[in-house]
Structures are given as structure tokens and as C-alpha cells.
Amino acid sequence: MTANPDTDDSQKSALSVRGLTVTLPDGMERAHAVKDVSFDLERGQILCVIGESGSGKSVTANTIMGLLPRVIGVSAGSIMLDGRDIIGMDAESLRDLRGRVVSMIFQDPLSALNPLMTVGAQVDEAMRAHGIGTPASRRKRAVELLTEVGLPDPALMYSQYPFRLSGGQRQRVMIAMALALEPSILIADEPTTALDVTTQAQILELIRDIQRRKGMSVLFITHDFGVVAEIADSVVVMEKGHVVEQGTADQVLKSPEHPYTKRLIAAVPHLTDKDRPSLQAKGSGTVLQVEGLTKTYRSGSALLRSLRVVPAVREVSFELASGRTLGVVGESGSGKSSLGRLLTKLMDCDGGRILFEGRDIAPMAEAEFRPLRQRIQMIFQDPFASLNPRATIGRILTVGPIAHGMPYAKAREDARALLDLVGLDAGAFGRYPHEFSGGQRQRIGIARALMFKPTLLVADEAVSALDVSIQAQILQLLDKIQRETGVSMIFITHDLRVASQICDDIAVMQRGRVVEMGPPSQIFLNPKSDYTRELVAAIPGERDERHALAAAEG
Amino acid sequence: MPAFLLNRFMQSAVLLVIVSIIGFTVLNLIPGGPMSQYALDPGMTQEDMNRLAEQLGLNRPIWVQYLEWVWRLLHGDWGTSFRDGAPVLTVISRHIFATLLLMGSSTVIAIAVGTWIGIRGATHRYSIFDYTATVGAMIALSIPTFWFGLVGIYVFSLQLGWLPAGNMYTIGDGSVLNYLHHLIMPSVVLALVHIAIWSRYMRTATLDVISQEFVKTARAKGVSERRVLMKHVVGNALLPMITLAGVQLPAILTGALVTETVFTWPGMGRLFLDSLGYSDYPVVMGLLMFSAVLTIAGNLIADIVVALVDPRIRLA
């Protein structure tokens, strides 16, 4: 079908892109955002464009919508839509196509809706912009649309402001808006990336369902092969602005041809039923024992009766042996990050005990805890925000130990050794964070945490912001470090697949409680709680694997 | 919302008390005081002086004076002017209209022009317009208001003869047009610096909003550029500007006092200077409290308006 677009009959396609080249302004890291990109979106099909950050997939989508920033220009190629080339079309004609013939939904539903307008007004606007209907008929249609995308109580929802809605609900509103004028093409730019896994599964289901019912063509942009496996009919793989491979979903997923595709697919973390081989723990015994840990957030004031109480962590207990990794898995709001902050004493708990190497650190004052702080280190999520842009890597690594009294020469020697351990060359010592990629920065963050020779590492979503191939490398690095140093790890993540790669035990959190704890084999194959079962079932692209594993298990 | 209002009202009341204590104390620390001008009168004996101090209540400890002043204030008695024996409220009310007129027209000009320049600067970033606006704002910010006033008088009154050099109206001609004619120069001169500030903030606020996803969403729906800008961008960009307007109010008041002096505008600015010269403390305290109330009320109203306009605060 789409394997060889040049011989394809473009009349059959809803959208046909030929030789698209988009030029970047001078001084960017490469001359073209996309170069010579060709593909067809067949009528009534879902085409996934997959690639890592910087692959040009979003630029392609924005070009089709005519939403490129002014400084970026199309220098060659054509985009045929209903037999008309939209490249070079005047602004007014493009505006008329947007929302009516081609609609788009975006990645971050939290920022994609105007905070000052009601949901209804924003759906209404999609119709009003094209002069369709009367206020009364549009209102009726808007409520219908809100019903259609599965929002509860659509009539009430119509007059709600976006801030009252959850991420998943907002994405449904976006879809309702996009569907308002029954466009023939829907472009979805990473529409589920910012969502929790169970919500993601629901939104994917909704998109697929609507696509089938309306016979729409969907251009779905994603970085996740799991998502591709869930919904794609055909796939376009992009790397650094080029299309490296395209074909049906089956072809590309089962027998990828291009080395880049193979690498990408190989890097996707999969659920495993095999528990991690137990490491030879250097000092055996318990590093961390947590009993009945509790934290409640309070805001507002009791005096004015506006007190709000949110239990973030409720009666959490677990034990972590030396040299082992405990995964803490949960959706947003489950309390997993709060737990991490409590364990590192970035926040005080309201109750319970945290026994670190036998001493209860929970009630300790800052001054008393300070010498212990070195031994519990943290790795952060955002490799861009967590390194001081004005400090050299050397300074970032040595400033902490020097503050704790290490002589500079020793600190520098350690830092260089650690840079080597995390796979960076010693020359990195004198350079600044902006000179490094996201993956390299995360390596620096890991080196920084290791400077104190900690006995416990707390990694909060440490690989979530990284591309999948980089993610795999960082996970390997963490594994290697644990083998070499015997450090214990708390690995906080929303991604069950990642957790299954690196954890000896996994604790599943929901609304502040640990609902289930056990080795990956139990969590993924024989979940004891309904919630865990639901979470595992929602993981995109794992259906086949799970069946295979379950069959093997007997 | 009621809790929020109650909270803010209580804060405001406490603030007013603190301002009045500081004002009263500092005023009485200044050497000289209301008695000093009588001391210059050769016909005054020490006995006369003491009698006068007794009459005016100035021989009592300062905290007693303060408490009495507060007590009377709470009963609506702002005291009597030392200078002409008229009640302070009457004295202030003779001048208040002129100042409020000047402040009001300046604020309208500053917000209208500043908003327009700010939006256009943001939508045409790095254009000639944008650079000109930036340089213009820097000039307006770095040159004092009275200089613009003097230059304005020289050019438009003395050389071109288009506009009157001062006063609020021509004696014998109280028509609205005559008032407006006199109002043009002082209000524009006073507005200049605020146009500069307002346009810079508006430009930043617009740029913040313009790069947000919901603006892209609106475009993706096929909404016209004009409506994207006016409804989605400007609507959201104006939110932080409401707070700024509240904060700017005292600056406009102080500016008005200077401008009034340059244009012999019969407002509170001149009253303030004259009263200070005569050590007419009741009037000075009255003016001080008036500006404190205006400032606090400005901020309070700005906060309330933001809360009303932004559903995230209104409904939270």
C-alpha cells in the first residue's frame, strides 16, 4: 500500500505529501527540519509517524496545518489535500481548511485550552469560525459532541472552565472540538504522551472508535512503538528530518528493514516475566525500612473555613535490602513523588518511621540529618532544569562534596573518575550543561548523585524525559552502577515497562497507598489487586507479549 | 470568594493604621512645626504662643494627639486647617476634582496607547516599530516628567500657541471644551512615562501568551487571526495587567502632583506643597490618608477584578 508512494494513485489518498522540504533558519543545528519527505495518508486509515525528538515529525504535521512559525519556510515539495496543493495557498484559504477539512489535537491538554473560556464556548468557536449554524444549533451540536467523546454530564460540562477538568477530560474536549465540523483528516500530535497510562488507553480507544465510525483518516504522531502497535494501519519512521522506512504496521513492527527502525524497536522496553537476577550484595542487610509513612497536604486556613486536606502518602511501609532496586509505580497524583521527597527529607512527614541504616531519620532536625544527607542522593526528571546553566560540569559535580569538607583535588579526581564511569570523557569537566544532549545531561546528573558514594539513590522519573533509545542506555548505566557500587535504589516511574526492566521489586501506588508489592513476575502476570491488573492491561502494545508470556507460564 | 474579600479587607485596615502611625510620627519629628511661623511674628509673646498651642492641642504628648486625631477621623472629623480654619475635608474637596480628572484621563491614555503599542510590538517583534517603541519607552522612562512638561509648554503654548500653558479652565469660560483643551497637555505629559511602562509589560505579557498551546489550538480550529489575537491572546495577556494597573495607581498620583505644579493645575499637588510650607499638619495628614486609601483601594480593586475575571480564582 504505502510502501512505494511514487507509484501510488494520489486520488485514493486523503492526503499526499511529496518531496516536502522545510528549511530551518541559519544557525540551527541542521539546515532542514525535514528533507524530501513523501508519504500518503489513505482514506479511512490511521497512519503513524514515529520518530525521536528532532526527527521532524511535528514540523511535518504543522506544515500540513499551515501552522509553521514565520521563520520556518517550505522550500520544496507539495501537500495534496483533496486534489489541491496547500503549499503556496494563501492564508485565508488555509484558514478555511483548518478545522473544517483538517483538524488537529495536541500533546499537552493542560495548556491546549484557553483558561478563560468555557469548554462549550471553545467547542462553539470551532463552528463559529467557519460561520456554521446559529448560536442555538451550535450549542446543541456542542453538547452532542461532548456526549460523543464520552464526557460525563455534557450539559454541565458545556459551561465548565478547563481548569476543573482532568487531563484526559481536556483531551476529550480537544477531540470534540476537532470533530465539530466532521473533518476528513485528523492530525494527532502525540495526543496521549502527557496522559496516564489508563487514560492513554481510553483516549486511544476513543480515537480509533471515532475514526472507524466516521471513516476519518488519522495522521498520528508518536514516539512510542507501543502506541503504534495499538492503533496504526501503516507507519512512517522518521529520523533527523528524513523518512527512513514506511510500510504497513505489521511489516514495520515485525520485520523492520532500516537499521534505525530496528534499533528503535529493540530499545522499546517490554514487560518481562523474568525477575532480575539477584545481585551479589556487597554489604547485605536492610538499607531502608519504612513503616507507616504518612503525609497530608494542607492548604488554605481553618479560620476562614477554606482548609483543604489532601492525603498524599498513606501508611506506606516497605523494606529495601542493600544492592536492590524498588520500583515505585503509579499514575499522576498517586503520591509516588511525594514518597520520594519524604525519603530524601526534602519534605517532613506527618507520621511513621524511616529507618535508614537502622536510624530513624523521620524526626531528625536538619542539622542532625545533614551528615546522612550525603548518603541518600537523588536523580531528577528534567535533565535540562536540574543542572545550573552557569556552572561548569566540574563545578556542578564538586560543589557538594567540597561544601561537606572534601579537598578540591580529591573532589576533582573523583569527578573525573565518575564522568568516566557514566560514559562521558574527562573533557566534560570544564564544559557547560548546554553543550550536552538530554541523555548526556542525565549521565551528569547521575554522576553528581554518585559523588557522595551514597548507599541509597532515589531516582524520580529519571528516564521519563528521554527518547526511548537514550532511555535504554541510561537504564543500562543504572544497572551497571548498581552492580559496581552495590547502591540501593528507589526508582519512581509512571512507566510499568521501564520499571520491569530495572526493578527487583515493584510497589504499585494508588491515592497515596501501596496497593500491591512484589517482584515483576507477580505484578505483571499474577496481579493481586484490580488496580494493578487495570494498569498492566492499559500498557500500549503489550497485548501479544502478555498472551505469549501467560501461555509460557501455563 | 467572601473569605478572600474578608481577608483582604482586614489586611487593608491594618495597613491603613500602620501608614497613619508612621505618617503622624514622622510629621511631628520634623523640626519647626506649626508653631514656628507664629514665632516669627514680632507681636507674638510667649504667653500668646502657649495659649495658641493649648487651643490647637499641640502641647499634649504626641500619642494623645494621634489617638484624638484617629478618634475624630472615625467620627468623620478630619480636623481643621491651621491655615484658614476650614475643615480639612472641605479643603481637600476643593482640589480633589482637578486631581482625579488629571489622573483619570492620564490613566485612560496610558492604558489605551500602552496596550496598543505592547500588542503591536509583540506581534511584530524585532520590526522597526518594535525597536522604535523600545527606544521611545527608554527615553520616556529616563527623562523626568517636569522636563516634558516644560518642553511641551515651550513648543505647544509659546511657539505654536495651540494649547494653554496652564490652569484648568479660562476664567469666565467653564465649557467642557475649554476644560478638555486645558486637559490635553498635562494628561499626555503625565501619561508618557506610564505608556512606556505599560507598553513594556504588555509586550512581555502578549509574548508569553502568544507562544502558548491554546493559541495554536485556536488557529487549528480555523479561527481568524484577528479573533485569535483579540480574544485568545489579548484576553489572557490583560490578566496580569490588571494587577499592574493597581500597582501603578500611586505612581500616577505622585506624577500628578509634579505635573500639577508645572501646569499650575489647581489640584491636590499644589495643596500638598502649600500645606507643607505652612506646616498645616491636619491638611497634610488628610492628604496622606487620602493617598493611602487610594493606593490600598487601587490594589484591592485590582485583586478583586482579577478574581472576578479569572475563573480559576473566582470558582476555586
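The questions below concern a predicted model with chains A and B.

Q: How do you know how much confidence the predictor places in chain A?
A: On the pLDDT scale from 0 to 100, chain A averages 85, and 92% of its residues score at least 70. Over residues 1–10 of chain A the pLDDT is below 50, although this stretch has 19 contacts in the model beyond near neighbours in sequence. Where pLDDT is low, the predicted coordinates should not be read in detail.

Q: Which elements of chain A have the lowest and the highest mean pLDDT?
A: The lowest mean, 55, belongs to helix α20 (residues 543–553) of chain A, and the highest, 93, to helix α3 (residues 119–128) of chain A.

Q: What does the radius of gyration of chain A agree with?
A: A compact globule of 554 residues would have a radius of gyration near 24 Å; the value for chain A is 26 Å, and therefore agrees with that expectation. The C-alpha atoms of chain A fill a box of roughly 70 × 60 × 55 Å along the principal axes, and 45% of the residues of chain A count as buried. Of the contacts in chain A between residues at least 6 apart in sequence, 70% join residues at least 24 apart.

Q: Why is K345(A) called partly exposed?
A: The class lies between the limits of 20 or more neighbours for buried and 12 or fewer for exposed. K345(A) has 19 C-beta neighbours inside 10 Å and therefore counts as partly exposed. This residue is placed in the loop between α11 (336–343) and β14 (351–356) of chain A.

Q: Why is K453(A) called partly exposed?
A: K453(A) has 13 other C-beta atoms within 10 Å, so the term partly exposed applies. K453(A) lies in the loop between α15 (438–450) and β17 (456–460) of chain A.

Q: What makes the phi values of K345(A) and K453(A) worth a remark?
A: Most residues other than glycine have a negative phi. K345(A), which is not a glycine, has a positive phi of about 55 degrees. K453(A), likewise not a glycine, has a positive phi near 50 degrees.

Q: How do you know that strands β9 and β10 of chain A pair?
A: Pairing requires at least two bridges. Strand β9 (residues 234–239) and strand β10 (residues 242–248) of chain A are joined by 6 bridges and run antiparallel. E239(A) has H242(A) in β10(A) as its bridge partner. In this hairpin, with 2 residues between the strands, K240(A) takes a positive phi near 45 degrees.

Q: Why are β2 and β5 of chain A said to stand at the edges?
A: The open sheet contains 4 strands in the order β2-β1-β4-β5 (chain A), with antiparallel pairing. β2 (32–42) and β5 (84–85) of chain A each have a single partner strand, so one side of each is left without a neighbour in the sheet. Strand β4 (residues 73–81) of chain A is joined to β5(A) by 2 bridges, and M80(A) stands opposite D85(A) in β5(A).

Q: Why are the buried residues of helix α19 of chain A placed on the same side?
A: In α19 (residues 530–538) of chain A, the buried residues are Y531(A), T532(A) and L535(A). They cover an arc of only 100 degrees around the axis, and therefore lie on the same side of α19(A). An α-helix has 3.6 residues a turn, so residues three or four places apart point the same way. The elements of chain A that cover these buried residues include α7 (197–214), α17 (496–502), β19 (505–510), β20 (513–518) and α18 (520–525).

Q: What makes up the secondary structure of chain B?
A: Chain B has 13 helices and 0 strands, while chain A has 20 helices and 20 strands. The C-alpha trace of chain B spans about 85 × 60 × 35 Å along its principal axes, and 34% of its 316 residues count as buried.

Q: What makes up the side of chain B that touches chain A?
A: The contact takes 20 residues from chain B and 27 residues from chain A. On the side of chain B, α1 (2–29), α9 (213–220), α10 (225–262) and α13 (311–314) each supply at least two residues. The largest share, 6 residues, comes from α9(B).

Terms used
Residues are numbered from 1 along each chain as its sequence is written. Chains are lettered from A and ligands numbered from 1 in the order in which they are written. This is a predicted model: local features need pLDDT of at least 70, side-chain atom pairs count only at pLDDT 80 or more; totals for chains, interfaces and linings use all residues. The arc is that of the directions from the helix axis to the C-beta atoms. Two residues are in contact if their C-beta atoms, placed from the backbone, lie within 7 Å. The radius of gyration is taken over C-alpha atoms; the globule rule is 2.2 Å times the number of residues to the power 0.38.
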